[in-house]
Amino acid sequence: MAQSATMRVRSKRPFPIAKVIIHMVLAIVAFLCVMPMLLVIATSLSDDLVVAKDGLSLVPQGFTTYTYRFILQNPDQLLRSYGLTLLVTATGTAGGILLSALIGYALARKDFKLRGVFTFLVIFTMLFNGGMVPTYLIVRGMLGLHDNILALILPTMVIPWYIMMFRSHFSGLPYEIMESAKMDGAGEWRMFFQIAMPLSTPWLATIGLWYILKYWNEWVPAMMYIEDNRLFPLQYLLQQIVRNAQFLRSVADAMTTQVKIPGLSLQMAMVVVAAGPAMFVFMFLQKYFVRGLTAGAVKG
Amino acid sequence: MAIAVEGQTPKKRAWIERLKLGNRDKFITNANLALMCLPALAMLIVFNYMPMFGLVIAFKDYRFAKGIFGSDWVGLNNFRFIFGGAGTGWRIVWHTVSYNLIFIFTGLVGSLALAFLINEIHTTRASRVYQAMAFLPHFVSWVVVGIFANGFLRHDGGIVSKFLLTLGREPPYFYQSPQFWPYILAAVNLWKGVGFGSITYMAGMIGIDDELYEAARIDGANRWQEIRFITLPLLVPLIVTVTLLSLGGIFRGNLEMFQMMVGTNPLLYSTTDIIDTFVFRSLLTLGSLGLASAAGFFQSIVGLIMILATNTLVRTVNRERALY
């Protein structure tokens, strides 16, 4: 790449001290960014009595894996929340991508008569919204989605911004391919599924990851529509555990009552178990997240 | 088209004829495309458009049994309650706007600074590591961020408290002291968003033509002058665009952040209560739908005006980035 060649020329310029300072500043910033995670991991591996006495620390104090063994003794609630979150994320992401791609494809077609009207309908929802109160009353009151898994999936499944992303992407596909497929007798649906979609895998991956991150980290819908703890998604369970000592006790009561119940270190172990694996996966898929941010124009 | 000219099979020629004839096929095409739009549009109608009409409850005395459209009209009563004398209306509006201004400013400065620093050592492997680590907080849910913050700020054993103790200073009770929270929230917002925010600016920097730098170097410019007179001026349209787009959302607060950082802690409301937390709380705990709906109505209308205004400005700066 010509870019990196000139970059290399530029970096050869003698500014060693400045470079060292830049590296130091960036190393500190990078450390600050991951420091809270170290804190949580260290506390989860610490002896609870030491934590209560000496406070939190970035290295485990009185190293023990007791908290993790404690969680694994009775993982029912955790596993149920994991399962539910996986289900919500999988269906929400699949549905969201399919619906957004379909409408995005149609809106990208210049020969579509309703293109203007429908595009306006999509864009207008980005400008104006009813907000929380009417949404709550409609989802819970009119649709009756109380304590229903659909309340976690449907209300935020279609995201206008992602529709516009798809529209912009499909507008960029060479129209000649479509036209020749049409002459070979392909219908609209077949063109969408067998030509447009396979040509879009990078975008499907990026928008899919955005959906996955959104659904995985979401808790507001759970707080609004879910009371049954069998339907608690991970983030909401985590929040309940930390905010609600009583909830922790009720979970613990369900286990054998004779064991000591660790406090802060157990909370932190719950954080690691509930949030850690997903963080780890997201970290390795980072470059796919970034693609859409640098794409710039979203217009067709 | 090449294919059309060379396609000599009778089948293809027949298709071309039909495409020319067209009307029936055009109708079928349009009907199919409309069908493709239908599921997403149906969702938008139910979850986006119906709530818009539901905004009328701000002018009603909502009763569950009567529903949104059956409840009685009460005129501006709800608004009088919240924006009148003792109401908290103006306070939450002020908080929402001023926090967003703080976030936009700190975010801009932080993201730009990080982008510049990483760009300076662009080719090194270490820069990739820094970048990846700075991006990591973007993946952390606000629930977990709230737990992180507690680990730093709690009075008994929090990292910040311990640090102050080693300096020989008595740590304050952060969760009872509203005066610290604008700084805390600004810091947390920066922490979570700076790596993400710097990506846009780094893309902008990579897009700058290298010939400009070479020309400057021939003229004897040093690295700082290159930044000052080439990079920064060329980034201005991008900076203006990003800032304007964020200003469009200035009346919309980050509910997840405030709810997880502060939660329902009335001791901190005097500096941390924003429209969204007020509405959320009124809706779920107090059950006072009148006040919540009036605040929400105000937010929706003013939000629309802000977005229309800023988007008009964005169109003049950078048409490609405008929403419409």
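Modeller: Chain B has 16 helices and 2 strands, where helices (H or I, at least four residues) and strands (E, at least two) are DSSP runs numbered from the N terminus. This is a predicted model, in which local features need pLDDT of at least 70 and side-chain atom pairs count only at pLDDT 80 or more, whereas totals for chains, interfaces and linings use all residues. Residues are numbered from 1 along each chain as its sequence is written, while chains are lettered from A and ligands numbered from 1 in the order in which they are written.

Biologist: What makes chain B more spread out than a compact globule?

Modeller: The radius of gyration is taken over C-alpha atoms, and the globule rule is 2.2 Å times the number of residues to the power 0.38. For 324 residues that rule gives 20 Å, and the radius of gyration of chain B is 27 Å, well over that value, so chain B is more spread out than a compact globule. Along its principal axes, the C-alpha trace of chain B spans about 90 × 75 × 35 Å.

Biologist: What makes residues of chain B count as being in contact with chain A?

Modeller: Two residues are in contact if their C-beta atoms, placed from the backbone, lie within 7 Å. By that test, 85 residues of chain B are in contact with 91 residues of chain A. Helix α3 (residues 23-54) of chain B supplies the largest share of the side that touches chain A, with 18 residues. That side of chain B divides into 56 nonpolar, 20 polar and 9 charged residues, where Ala, Val, Leu, Ile, Met, Phe, Trp, Tyr, Cys and Pro count as nonpolar, Asp, Glu, Lys and Arg as charged, and the others, Gly among them, as polar. Leaving aside its neighbours within four places in sequence, A40(B) is in contact with residues including L99(A), I103(A) and V158(A).

Biologist: Why is D147(A) called partly exposed?

Modeller: A residue is buried if 20 or more other C-beta atoms lie within 10 Å of its own, exposed if 12 or fewer, and partly exposed in between, with C-beta atoms placed from the backbone. D147(A) has 13 other C-beta atoms within 10 Å, and is therefore partly exposed. D147(A) lies in the loop between α7 (132-142) and α8 (150-153) of chain A, and its phi is near 50°, a positive value in a residue other than glycine. S57(A), with 17 other C-beta atoms within 10 Å, is therefore partly exposed.

Biologist: How do you know that the buried residues of helix α4 (residues 66-73) of chain A are on the same side?

Modeller: In helix α4 of chain A, Y66(A), T67(A), F70(A) and I71(A) are buried. They cover an arc of only 135° around the axis, which puts them on the same side of α4(A), and the arc is that of the directions from the helix axis to the C-beta atoms. On the other side of α4(A), R69(A) and L72(A) are exposed.
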